[in-house]
Amino acid sequence: MLNRQGRPTGTGEAATSGAGTFTGNRALLQEEALLFETGRLDATGVDIDEPAPFVSRLGGLERKTPLALPGLSEPEAMRHYVRLSQKNYGIDTGLFPLGSCTMKHNPRLNEKMARLPGIGDIHPLQPVSTVQGALALMEMLGHWLTTLTGMAAVALSPKAGAHGELCGMMAIKAAIAARGEAAQRTVVVVPDSAHGTNPATAALIGFTVRAVPAREDGTVDPEAVKAVLGPDVAAIMLTNPNTCGLFERDVVAIADAVHAAGAYFYCDGANFNAIVDKARPGDLGVDAMHINLHKTFSTPHGGGGPGAGPVVLSDRLAAFAPVPFVRRSGDGLALVEVDGDGEAAQSFGRMTAFHGQMGMFVRAMSYMLSHGSDGLRQASEDAVLNANYVRAGLADLMSQPFGDKPCMHEALFDDTWLKGTGVTTLDFAKAMIDEGYHPMTVYFPLVAHGAMLVEPTESESKASLDLFVATLRDLALAVKAGDTERFTAAPRLAPRRRLDETKAARSPVLRWTPPEPIRDAAE
Ligand SMILES: *Cc1c(COP(=O)(O)O)cnc(C)c1O
(Lines give C-alpha, C1' and ligand atoms only; values in the text may rest on other atoms or scores of the structure.)
Protein backbone atom coordinates (compact mmCIF):
# COMPACT_ATOMS: atom_id res chain seq x y z
CA MET A 1 0.00 0.00 0.00
CA LEU A 2 1.23 3.49 -0.81
CA ASN A 3 0.73 6.50 1.43
CA ARG A 4 0.28 10.13 0.45
CA GLN A 5 3.92 10.48 -0.45
CA GLY A 6 3.79 7.34 -2.55
CA ARG A 7 5.82 5.46 0.05
CA PRO A 8 4.96 1.93 1.12
CA THR A 9 3.32 1.80 4.56
CA GLY A 10 1.61 -0.65 6.86
CA THR A 11 3.71 -3.27 8.55
CA GLY A 12 6.31 -3.56 5.82
CA GLU A 13 8.88 -0.95 5.03
CA ALA A 14 7.27 1.79 7.09
CA ALA A 15 8.16 -0.12 10.24
CA THR A 16 11.81 0.43 9.44
CA SER A 17 11.19 4.15 9.08
CA GLY A 18 9.72 4.04 12.54
CA ALA A 19 5.99 4.60 12.27
CA GLY A 20 4.08 1.54 11.15
CA THR A 21 1.01 3.69 10.40
CA PHE A 22 -0.75 4.20 7.09
CA THR A 23 0.33 7.84 6.82
CA GLY A 24 3.82 7.39 8.20
CA ASN A 25 2.86 9.86 10.94
CA ARG A 26 3.23 9.08 14.64
CA ALA A 27 0.17 10.34 16.40
CA LEU A 28 0.26 14.11 15.82
CA LEU A 29 3.93 14.04 14.86
CA GLN A 30 3.73 14.58 11.13
CA GLU A 31 6.00 12.91 8.66
CA GLU A 32 7.32 15.61 6.37
CA ALA A 33 8.61 15.05 2.87
CA LEU A 34 10.94 17.36 1.00
CA LEU A 35 9.45 20.40 -0.64
CA PHE A 36 10.57 18.92 -3.95
CA GLU A 37 8.54 15.78 -3.25
CA THR A 38 5.33 17.48 -2.14
CA GLY A 39 5.42 20.47 -4.45
CA ARG A 40 3.88 20.45 -7.92
CA LEU A 41 5.22 22.20 -10.95
CA ASP A 42 1.82 23.68 -11.82
CA ALA A 43 0.99 24.98 -8.32
CA THR A 44 1.80 28.33 -6.81
CA GLY A 45 0.79 30.30 -3.74
CA VAL A 46 0.89 33.62 -5.52
CA ASP A 47 -1.04 35.01 -8.43
CA ILE A 48 1.31 36.98 -10.63
CA ASP A 49 0.27 38.51 -13.92
CA GLU A 50 2.00 37.39 -17.07
CA PRO A 51 4.69 39.98 -17.82
CA ALA A 52 4.01 42.48 -20.57
CA PRO A 53 5.78 41.66 -23.85
CA PHE A 54 9.45 42.53 -23.62
CA VAL A 55 12.61 42.15 -25.61
CA SER A 56 15.18 39.92 -23.92
CA ARG A 57 18.57 41.43 -23.32
CA LEU A 58 20.16 38.08 -22.46
CA GLY A 59 21.51 37.55 -25.95
CA GLY A 60 20.17 34.03 -26.40
CA LEU A 61 21.16 32.87 -22.93
CA GLU A 62 17.61 32.91 -21.59
CA ARG A 63 16.21 29.69 -20.08
CA LYS A 64 14.27 27.61 -22.60
CA THR A 65 12.68 25.13 -20.19
CA PRO A 66 10.68 25.65 -17.00
CA LEU A 67 12.70 26.05 -13.81
CA ALA A 68 11.15 22.91 -12.27
CA LEU A 69 10.78 24.51 -8.85
CA PRO A 70 8.18 22.88 -6.62
CA GLY A 71 5.08 24.99 -6.08
CA LEU A 72 2.81 24.92 -3.04
CA SER A 73 -0.28 26.82 -1.97
CA GLU A 74 0.21 29.23 0.93
CA PRO A 75 -1.32 26.85 3.55
CA GLU A 76 0.85 23.99 2.27
CA ALA A 77 3.98 26.12 2.45
CA MET A 78 3.01 27.21 5.95
CA ARG A 79 2.54 23.62 7.13
CA HIS A 80 5.83 22.54 5.60
CA TYR A 81 7.88 25.09 7.51
CA VAL A 82 5.92 24.83 10.75
CA ARG A 83 6.38 21.04 10.76
CA LEU A 84 10.09 21.42 10.08
CA SER A 85 10.35 23.89 12.97
CA GLN A 86 8.74 21.32 15.26
CA LYS A 87 11.43 18.77 14.50
CA ASN A 88 13.98 20.83 16.36
CA TYR A 89 14.95 19.71 19.85
CA GLY A 90 16.27 22.65 21.82
CA ILE A 91 16.72 23.97 25.30
CA ASP A 92 13.15 25.31 25.06
CA THR A 93 11.91 21.73 24.55
CA GLY A 94 13.68 19.96 27.36
CA LEU A 95 16.86 19.30 29.31
CA PHE A 96 19.83 19.44 26.94
CA PRO A 97 22.78 17.77 28.68
CA LEU A 98 25.30 18.27 25.88
CA GLY A 99 28.66 18.46 27.63
CA SER A 100 31.19 21.11 26.56
CA CYS A 101 28.39 22.97 24.73
CA THR A 102 26.73 24.69 27.72
CA MET A 103 23.18 24.73 26.38
CA LYS A 104 21.98 27.63 28.50
CA HIS A 105 18.46 28.93 28.70
CA ASN A 106 18.04 31.93 26.37
CA PRO A 107 16.06 34.48 28.41
CA ARG A 108 13.18 36.10 26.48
CA LEU A 109 14.25 39.48 27.82
CA ASN A 110 17.38 39.17 25.66
CA GLU A 111 15.19 38.76 22.57
CA LYS A 112 13.07 41.76 23.48
CA MET A 113 16.17 43.94 23.87
CA ALA A 114 17.71 42.76 20.61
CA ARG A 115 14.50 43.70 18.78
CA LEU A 116 14.29 47.27 20.06
CA PRO A 117 14.07 49.40 16.90
CA GLY A 118 17.09 51.49 17.89
CA ILE A 119 19.12 48.30 17.96
CA GLY A 120 17.44 45.90 15.57
CA ASP A 121 17.11 48.38 12.71
CA ILE A 122 20.59 49.91 12.58
CA HIS A 123 23.03 49.26 9.76
CA PRO A 124 26.79 48.78 9.96
CA LEU A 125 27.38 51.45 7.33
CA GLN A 126 25.47 54.15 9.22
CA PRO A 127 27.52 57.22 10.17
CA VAL A 128 29.14 56.71 13.54
CA SER A 129 27.42 59.80 14.92
CA THR A 130 24.04 58.04 14.48
CA VAL A 131 24.98 54.82 16.32
CA GLN A 132 26.54 56.19 19.49
CA GLY A 133 24.20 54.06 21.62
CA ALA A 134 25.26 50.87 19.85
CA LEU A 135 28.93 51.76 20.28
CA ALA A 136 28.29 52.52 23.96
CA LEU A 137 26.78 49.05 24.31
CA MET A 138 29.81 47.48 22.65
CA GLU A 139 32.09 49.44 24.95
CA MET A 140 30.09 48.35 27.99
CA LEU A 141 30.17 44.70 26.90
CA GLY A 142 33.93 44.94 26.43
CA HIS A 143 34.21 46.46 29.90
CA TRP A 144 32.23 43.60 31.49
CA LEU A 145 34.21 40.96 29.62
CA THR A 146 37.62 42.42 30.49
CA THR A 147 36.54 42.99 34.11
CA LEU A 148 35.17 39.46 34.57
CA THR A 149 38.31 37.96 33.04
CA GLY A 150 40.87 40.39 34.47
CA MET A 151 42.29 41.13 31.02
CA ALA A 152 43.48 44.32 29.33
CA ALA A 153 41.72 44.38 25.97
CA VAL A 154 38.95 42.75 23.99
CA ALA A 155 38.26 41.94 20.35
CA LEU A 156 34.52 41.70 19.82
CA SER A 157 34.35 40.80 16.14
CA PRO A 158 35.03 37.00 16.05
CA LYS A 159 31.88 35.06 15.17
CA ALA A 160 32.27 31.89 17.27
CA GLY A 161 34.51 30.20 19.79
CA ALA A 162 36.62 28.61 17.08
CA HIS A 163 36.86 31.94 15.25
CA GLY A 164 37.94 33.50 18.56
CA GLU A 165 40.68 30.88 18.85
CA LEU A 166 41.85 31.93 15.41
CA CYS A 167 41.79 35.58 16.49
CA GLY A 168 43.75 34.95 19.70
CA MET A 169 46.31 32.80 17.93
CA MET A 170 46.73 35.40 15.17
CA ALA A 171 47.44 38.01 17.86
CA ILE A 172 50.04 35.64 19.32
CA LYS A 173 51.53 35.07 15.88
CA ALA A 174 51.74 38.83 15.30
CA ALA A 175 53.40 39.36 18.70
CA ILE A 176 55.99 36.71 17.92
CA ALA A 177 56.65 38.23 14.50
CA ALA A 178 57.08 41.65 16.15
CA ARG A 179 59.79 40.09 18.33
CA GLY A 180 61.50 38.83 15.18
CA GLU A 181 60.95 35.20 16.19
CA ALA A 182 58.43 34.10 13.55
CA ALA A 183 60.85 31.71 11.87
CA GLN A 184 61.97 30.18 15.15
CA ARG A 185 58.73 29.72 17.14
CA THR A 186 56.61 27.39 15.03
CA VAL A 187 55.17 24.96 17.58
CA VAL A 188 51.95 25.12 19.61
CA VAL A 189 51.56 22.80 22.59
CA VAL A 190 48.10 21.24 22.98
CA PRO A 191 47.04 18.74 25.67
CA ASP A 192 45.50 15.42 24.61
CA SER A 193 42.17 16.35 26.17
CA ALA A 194 41.75 19.48 23.99
CA HIS A 195 38.73 20.19 21.82
CA GLY A 196 39.50 19.45 18.17
CA THR A 197 39.26 23.12 17.27
CA ASN A 198 42.47 23.87 19.24
CA PRO A 199 44.91 21.84 17.13
CA ALA A 200 42.90 22.73 14.02
CA THR A 201 43.30 26.45 14.75
CA ALA A 202 47.03 26.13 15.35
CA ALA A 203 47.52 24.09 12.18
CA LEU A 204 45.37 26.45 10.08
CA ILE A 205 47.73 29.35 10.66
CA GLY A 206 50.83 27.32 10.03
CA PHE A 207 51.91 26.09 13.46
CA THR A 208 52.97 22.53 14.17
CA VAL A 209 51.06 20.89 17.03
CA ARG A 210 52.94 19.17 19.85
CA ALA A 211 50.79 17.05 22.17
CA VAL A 212 51.15 16.90 25.93
CA PRO A 213 49.51 13.96 27.70
CA ALA A 214 47.13 14.31 30.63
CA ARG A 215 48.13 12.73 33.91
CA GLU A 216 46.19 9.99 35.75
CA ASP A 217 43.78 12.44 37.38
CA GLY A 218 42.71 14.06 34.09
CA THR A 219 44.63 17.32 34.52
CA VAL A 220 47.80 18.64 32.89
CA ASP A 221 51.10 18.25 34.75
CA PRO A 222 53.35 21.37 34.65
CA GLU A 223 56.37 19.05 34.53
CA ALA A 224 54.98 17.42 31.37
CA VAL A 225 54.50 20.89 29.87
CA LYS A 226 58.06 21.90 30.77
CA ALA A 227 59.31 18.75 29.05
CA VAL A 228 57.85 19.86 25.71
CA LEU A 229 58.65 23.58 25.97
CA GLY A 230 61.61 25.01 24.10
CA PRO A 231 62.78 27.97 22.02
CA ASP A 232 60.62 26.66 19.15
CA VAL A 233 57.34 26.99 21.09
CA ALA A 234 55.01 29.90 20.33
CA ALA A 235 52.14 29.09 22.68
CA ILE A 236 50.19 26.57 24.68
CA MET A 237 46.45 26.17 24.14
CA LEU A 238 44.90 24.97 27.38
CA THR A 239 41.23 24.67 28.33
CA ASN A 240 40.31 25.61 31.89
CA PRO A 241 38.16 24.21 33.41
CA ASN A 242 39.24 21.41 31.09
CA THR A 243 37.14 19.17 28.87
CA CYS A 244 37.06 16.46 31.57
CA GLY A 245 35.10 18.89 33.76
CA LEU A 246 38.10 19.51 36.05
CA PHE A 247 39.80 22.74 37.08
CA GLU A 248 43.47 22.72 36.10
CA ARG A 249 44.83 23.26 39.59
CA ASP A 250 48.40 23.82 38.37
CA VAL A 251 47.38 26.42 35.82
CA VAL A 252 49.56 29.16 37.37
CA ALA A 253 52.65 26.93 37.35
CA ILE A 254 51.90 26.04 33.72
CA ALA A 255 51.52 29.74 32.82
CA ASP A 256 54.81 30.59 34.56
CA ALA A 257 56.64 27.84 32.71
CA VAL A 258 55.17 28.91 29.37
CA HIS A 259 56.14 32.55 29.94
CA ALA A 260 59.62 31.60 31.13
CA ALA A 261 60.08 29.78 27.83
CA GLY A 262 59.13 32.96 25.93
CA ALA A 263 55.77 31.58 24.79
CA TYR A 264 52.16 32.75 25.22
CA PHE A 265 49.26 31.16 27.06
CA TYR A 266 46.05 30.78 25.01
CA CYS A 267 43.16 29.63 27.19
CA ASP A 268 40.15 27.99 25.56
CA GLY A 269 37.39 29.75 27.49
CA ALA A 270 34.51 27.53 26.39
CA ASN A 271 34.01 26.42 30.00
CA PHE A 272 34.04 29.91 31.49
CA ASN A 273 30.44 29.36 32.65
CA ALA A 274 31.84 27.33 35.57
CA ILE A 275 34.02 30.11 36.98
CA VAL A 276 32.46 33.50 36.20
CA ASP A 277 33.18 35.87 39.10
CA LYS A 278 34.97 33.00 40.91
CA ALA A 279 38.34 33.10 39.13
CA ARG A 280 39.75 35.60 36.64
CA PRO A 281 41.79 34.06 33.81
CA GLY A 282 44.02 37.17 33.79
CA ASP A 283 45.07 36.35 37.36
CA LEU A 284 46.01 32.84 36.21
CA GLY A 285 48.50 34.08 33.62
CA VAL A 286 46.32 33.81 30.52
CA ASP A 287 47.34 35.95 27.51
CA ALA A 288 44.34 35.35 25.26
CA MET A 289 40.99 33.65 25.74
CA HIS A 290 37.81 33.42 23.70
CA ILE A 291 34.44 33.68 25.34
CA ASN A 292 31.60 31.82 23.65
CA LEU A 293 28.73 34.22 24.29
CA HIS A 294 26.35 31.34 23.46
CA LYS A 295 27.91 29.17 26.18
CA THR A 296 28.49 31.59 29.02
CA PHE A 297 26.25 34.57 28.36
CA SER A 298 23.02 32.94 27.18
CA THR A 299 22.90 33.96 23.51
CA PRO A 300 21.38 31.28 21.24
CA HIS A 301 23.55 28.57 19.74
CA GLY A 302 22.99 29.69 16.19
CA GLY A 303 23.43 26.45 14.27
CA GLY A 304 26.79 27.77 13.14
CA GLY A 305 25.11 31.02 12.19
CA PRO A 306 24.87 34.26 14.08
CA GLY A 307 27.44 33.58 16.78
CA ALA A 308 29.88 35.72 18.69
CA GLY A 309 33.16 34.66 20.27
CA PRO A 310 34.87 37.77 21.68
CA VAL A 311 38.52 37.39 22.65
CA VAL A 312 40.09 39.01 25.70
CA LEU A 313 43.80 39.82 25.53
CA SER A 314 46.50 40.50 28.11
CA ASP A 315 48.71 43.60 28.16
CA ARG A 316 51.29 41.65 26.21
CA LEU A 317 48.93 41.06 23.30
CA ALA A 318 46.60 44.09 23.43
CA ALA A 319 48.53 46.06 20.79
CA PHE A 320 48.02 43.27 18.24
CA ALA A 321 44.21 43.14 18.57
CA PRO A 322 42.23 43.16 15.33
CA VAL A 323 40.35 46.19 14.05
CA PRO A 324 37.73 47.48 14.46
CA PHE A 325 37.58 48.48 18.12
CA VAL A 326 35.66 51.15 20.00
CA ARG A 327 37.47 54.19 21.40
CA ARG A 328 36.42 57.36 23.25
CA SER A 329 37.01 60.39 21.09
CA GLY A 330 36.07 63.83 22.33
CA ASP A 331 32.56 63.61 23.79
CA GLY A 332 31.60 60.54 21.88
CA LEU A 333 32.70 57.11 20.71
CA ALA A 334 34.52 56.21 17.53
CA LEU A 335 35.50 53.04 15.74
CA VAL A 336 39.16 52.45 14.96
CA GLU A 337 38.72 50.66 11.64
CA VAL A 338 42.05 50.75 9.83
CA ASP A 339 45.15 48.91 10.96
CA GLY A 340 48.64 50.19 10.37
CA ASP A 341 48.88 53.46 12.25
CA GLY A 342 47.93 55.28 15.43
CA GLU A 343 46.45 53.02 18.08
CA ALA A 344 46.15 50.22 15.55
CA ALA A 345 49.78 50.43 14.41
CA GLN A 346 50.49 46.81 15.37
CA SER A 347 46.99 45.38 14.82
CA PHE A 348 47.13 42.14 12.88
CA GLY A 349 44.24 43.33 10.71
CA ARG A 350 40.62 42.36 10.46
CA MET A 351 38.71 39.14 11.28
CA THR A 352 35.38 39.98 9.67
CA ALA A 353 33.55 42.51 7.58
CA PHE A 354 32.01 45.15 9.84
CA HIS A 355 32.06 45.02 13.63
CA GLY A 356 30.77 41.66 14.86
CA GLN A 357 27.35 40.32 15.81
CA MET A 358 25.51 43.27 17.30
CA GLY A 359 22.40 41.18 18.06
CA MET A 360 24.48 38.82 20.19
CA PHE A 361 26.23 41.68 21.98
CA VAL A 362 22.83 43.04 23.01
CA ARG A 363 21.61 39.65 24.23
CA ALA A 364 24.79 39.01 26.25
CA MET A 365 24.65 42.49 27.76
CA SER A 366 20.98 42.02 28.63
CA TYR A 367 21.87 38.77 30.41
CA MET A 368 24.74 40.38 32.31
CA LEU A 369 22.78 43.45 33.39
CA SER A 370 19.73 41.46 34.44
CA HIS A 371 21.89 39.11 36.53
CA GLY A 372 24.41 41.58 37.95
CA SER A 373 27.78 40.30 39.05
CA ASP A 374 26.24 38.47 42.02
CA GLY A 375 23.75 36.76 39.70
CA LEU A 376 26.51 35.74 37.30
CA ARG A 377 28.44 34.23 40.19
CA GLN A 378 25.37 32.33 41.32
CA ALA A 379 24.77 31.01 37.81
CA SER A 380 28.29 29.55 37.87
CA GLU A 381 27.81 28.08 41.33
CA ASP A 382 24.47 26.55 40.32
CA ALA A 383 25.97 25.11 37.13
CA VAL A 384 28.65 23.38 39.19
CA LEU A 385 26.11 22.26 41.80
CA ASN A 386 23.78 20.81 39.15
CA ALA A 387 26.57 18.88 37.46
CA ASN A 388 27.68 17.43 40.79
CA TYR A 389 24.09 16.55 41.70
CA VAL A 390 23.80 14.48 38.53
CA ARG A 391 27.26 13.00 39.05
CA ALA A 392 26.53 11.95 42.62
CA GLY A 393 23.14 10.55 41.59
CA LEU A 394 24.74 8.20 39.07
CA ALA A 395 28.13 7.49 40.66
CA ASP A 396 27.12 4.08 42.08
CA LEU A 397 26.00 2.82 38.65
CA MET A 398 28.20 4.55 36.05
CA SER A 399 32.00 4.72 36.09
CA GLN A 400 34.00 7.97 36.19
CA PRO A 401 37.41 7.86 34.49
CA PHE A 402 39.18 10.03 37.05
CA GLY A 403 37.54 8.73 40.20
CA ASP A 404 34.54 9.66 42.28
CA LYS A 405 35.35 13.28 43.07
CA PRO A 406 33.72 16.67 42.52
CA CYS A 407 33.63 18.15 39.04
CA MET A 408 33.09 21.65 37.70
CA HIS A 409 30.03 22.30 35.51
CA GLU A 410 30.03 18.98 33.66
CA ALA A 411 30.25 15.37 34.82
CA LEU A 412 32.33 12.88 32.87
CA PHE A 413 31.56 9.14 32.75
CA ASP A 414 33.27 6.46 30.70
CA ASP A 415 32.24 3.02 29.45
CA THR A 416 34.12 0.85 31.95
CA TRP A 417 30.77 0.01 33.56
CA LEU A 418 29.40 -1.15 30.18
CA LYS A 419 32.16 -3.73 29.61
CA GLY A 420 30.79 -7.17 28.81
CA THR A 421 27.16 -5.97 28.68
CA GLY A 422 26.87 -5.81 24.89
CA VAL A 423 25.81 -2.17 25.23
CA THR A 424 28.02 0.65 23.99
CA THR A 425 28.09 4.34 24.82
CA LEU A 426 26.31 5.00 21.52
CA ASP A 427 23.55 2.46 22.34
CA PHE A 428 23.04 4.06 25.73
CA ALA A 429 22.79 7.53 24.16
CA LYS A 430 20.25 6.30 21.60
CA ALA A 431 18.10 4.77 24.36
CA MET A 432 17.95 8.20 26.00
CA ILE A 433 16.20 9.48 22.86
CA ASP A 434 13.38 6.97 23.41
CA GLU A 435 12.98 8.45 26.88
CA GLY A 436 12.65 11.98 25.45
CA TYR A 437 16.12 13.21 26.32
CA HIS A 438 18.67 14.62 23.94
CA PRO A 439 21.81 12.55 24.61
CA MET A 440 24.83 13.95 26.39
CA THR A 441 28.05 14.51 24.46
CA VAL A 442 29.52 11.09 23.64
CA TYR A 443 33.05 9.93 22.76
CA PHE A 444 34.50 13.34 23.74
CA PRO A 445 36.92 14.06 25.33
CA LEU A 446 39.04 11.39 23.69
CA VAL A 447 41.07 10.81 26.86
CA ALA A 448 38.12 8.98 28.44
CA HIS A 449 37.17 5.66 26.80
CA GLY A 450 33.57 5.74 25.53
CA ALA A 451 33.11 9.14 27.17
CA MET A 452 29.71 10.48 28.25
CA LEU A 453 29.96 14.15 29.17
CA VAL A 454 26.88 15.48 30.97
CA GLU A 455 26.30 19.20 31.41
CA PRO A 456 22.87 20.02 32.79
CA THR A 457 23.32 23.86 33.04
CA GLU A 458 22.30 25.99 35.96
CA SER A 459 18.71 26.70 34.98
CA GLU A 460 17.47 23.11 35.48
CA SER A 461 15.33 22.78 38.58
CA LYS A 462 15.82 20.05 41.16
CA ALA A 463 12.67 18.33 39.86
CA SER A 464 14.05 18.35 36.33
CA LEU A 465 17.40 16.94 37.49
CA ASP A 466 15.66 14.30 39.63
CA LEU A 467 13.68 13.04 36.64
CA PHE A 468 16.82 13.01 34.48
CA VAL A 469 18.83 11.10 37.09
CA ALA A 470 15.95 8.67 37.67
CA THR A 471 15.70 8.06 33.91
CA LEU A 472 19.43 7.41 33.55
CA ARG A 473 19.34 5.15 36.60
CA ASP A 474 16.48 3.18 35.07
CA LEU A 475 18.47 2.80 31.87
CA ALA A 476 21.67 1.86 33.71
CA LEU A 477 19.80 -0.77 35.75
CA ALA A 478 18.29 -2.16 32.52
CA VAL A 479 21.82 -2.48 31.10
CA LYS A 480 22.92 -4.34 34.21
CA ALA A 481 19.81 -6.57 34.08
CA GLY A 482 20.76 -7.66 30.56
CA ASP A 483 17.97 -5.88 28.66
CA THR A 484 20.40 -5.35 25.77
CA GLU A 485 17.67 -5.09 23.15
CA ARG A 486 16.35 -1.84 24.67
CA PHE A 487 19.71 -0.29 23.75
CA THR A 488 20.96 -1.97 20.60
CA ALA A 489 17.57 -1.44 18.92
CA ALA A 490 17.25 2.17 20.09
CA PRO A 491 15.86 4.58 19.18
CA ARG A 492 12.67 2.55 18.73
CA LEU A 493 10.21 5.43 19.13
CA ALA A 494 11.85 8.14 17.03
CA PRO A 495 10.51 8.86 13.52
CA ARG A 496 13.84 7.54 12.22
CA ARG A 497 15.70 4.58 13.68
CA ARG A 498 19.47 4.12 13.90
CA LEU A 499 21.06 5.98 11.02
CA ASP A 500 24.39 5.24 9.39
CA GLU A 501 26.09 8.32 10.79
CA THR A 502 29.49 7.49 9.32
CA LYS A 503 28.03 7.20 5.84
CA ALA A 504 26.03 10.38 6.35
CA ALA A 505 29.21 12.24 7.30
CA ARG A 506 31.48 10.66 4.69
CA SER A 507 29.17 10.67 1.70
CA PRO A 508 26.37 13.11 2.35
CA VAL A 509 23.65 13.33 -0.29
CA LEU A 510 23.42 17.05 -0.82
CA ARG A 511 21.42 17.07 -4.03
CA TRP A 512 17.89 15.91 -4.64
CA THR A 513 17.49 13.93 -7.85
CA PRO A 514 14.04 14.13 -9.36
CA PRO A 515 12.24 10.89 -10.15
CA GLU A 516 11.60 10.29 -13.87
CA PRO A 517 8.13 11.81 -14.35
CA ILE A 518 9.16 15.16 -12.84
CA ARG A 519 12.34 15.22 -14.84
CA ASP A 520 10.32 14.68 -18.04
CA ALA A 521 7.94 17.46 -17.14
CA ALA A 522 10.82 19.89 -16.72
CA GLU A 523 12.08 19.26 -20.23
C1 LIG B 1 32.43 24.76 21.97
C2 LIG B 1 33.87 24.62 22.13
C3 LIG B 1 34.76 25.22 21.22
C4 LIG B 1 34.33 25.88 19.93
O5 LIG B 1 33.42 26.90 20.11
P6 LIG B 1 32.35 27.29 18.98
O7 LIG B 1 31.68 28.49 19.53
O8 LIG B 1 31.45 26.11 18.82
O9 LIG B 1 33.11 27.57 17.71
C10 LIG B 1 36.11 25.14 21.50
N11 LIG B 1 36.57 24.49 22.58
C12 LIG B 1 35.74 23.90 23.48
C13 LIG B 1 36.30 23.21 24.70
C14 LIG B 1 34.36 23.93 23.27
O15 LIG B 1 33.53 23.32 24.13
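Axes here are lines fitted to C-alpha atoms, for helices over the stretch in contact, and angles between N-to-C directions run from 0 to 180 degrees. Helices (H or I, at least four residues) and strands (E, at least two) are DSSP runs, numbered from the N terminus.

This is a predicted model, in which local features need pLDDT of at least 70 and side-chain atom pairs count only at pLDDT 80 or more, while totals for chains, interfaces and linings use all residues. Residues are numbered from 1 along each chain as its sequence is written, and side-chain values use heavy atoms, with hydrogens and water left out.

**The chain as a whole**

Let's start with the overall picture. The protein chain contains 18 helices and twelve strands. Its C-alpha atoms fill a box of roughly 75 × 75 × 45 Å, taken along the principal axes. For 523 residues, a compact globule would have a radius of gyration near 24 Å, and the 27 Å of the protein chain agrees with that. The radius is taken over C-alpha atoms, and the globule rule is 2.2 Å times the number of residues to the power 0.38.

**The seven-stranded sheet**

Strands of a sheet pair through backbone hydrogen bonds, either parallel or antiparallel. Two strands are said to pair if DSSP finds at least two bridges between them. Seven strands form an open sheet with mixed pairing, in the order E1-E7-E6-E5-E4-E2-E3. Strands E1 (153–155) and E3 (208–212) stand at the edges with a single partner strand each, so one side of each is left without a neighbour in the sheet. From one strand to the next, the twist averages 25 degrees.

Within this sheet, E2 (residues 187–191) and E4 (residues 233–239) pair in the parallel sense over three bridges. Val 187 stands opposite Val 233 in E4.

Two helices deserve a look here. Helix H7 (residues 161–178) lies across E1, E2, E4, E5 (264–268), E6 (288–290) and E7 (311–313), and runs at about 175 degrees to E5. Helix H8 (residues 197–204) also packs on the sheet, touching E2, E3, E4 and E5, and its direction makes about 160 degrees with that of E4. Contact means heavy atoms within 4.5 Å.

**The three-stranded sheet**

Another open sheet has three strands in the order E10-E12-E11, with antiparallel pairing. Its edge strands, E10 (411–413) and E11 (441–442), each pair on one side only. Two bridges join E11 to E12 (residues 452–454), and Thr 441 stands opposite Leu 453 in E12.

**Helix packing around H15**

Here are two helix pairs that involve H15 (residues 462–480).

| Helix pair | Angle | Axes |
|---|---|---|
| H14 (residues 425–434) and H15 | about 130 degrees | 11 Å apart |
| H13 (residues 358–394) and H15 | roughly 30 degrees | within 10 Å |

Angles under 35 degrees count as roughly parallel, over 145 as roughly antiparallel, 65 to 115 as roughly perpendicular, and the rest as oblique. H13 is thus roughly parallel to H15. The contact is made by Asn 386, Tyr 389, Val 390, Gly 393 and Leu 394 of H13 and by Lys 462, Leu 465, Asp 466, Phe 468, Val 469, Leu 472 and Arg 473 of H15. By class, this contact of H13 with H15 has seven nonpolar, two polar and three charged residues. Ala, Val, Leu, Ile, Met, Phe, Trp, Tyr, Cys and Pro count as nonpolar, Asp, Glu, Lys and Arg as charged, and the others, Gly among them, as polar.
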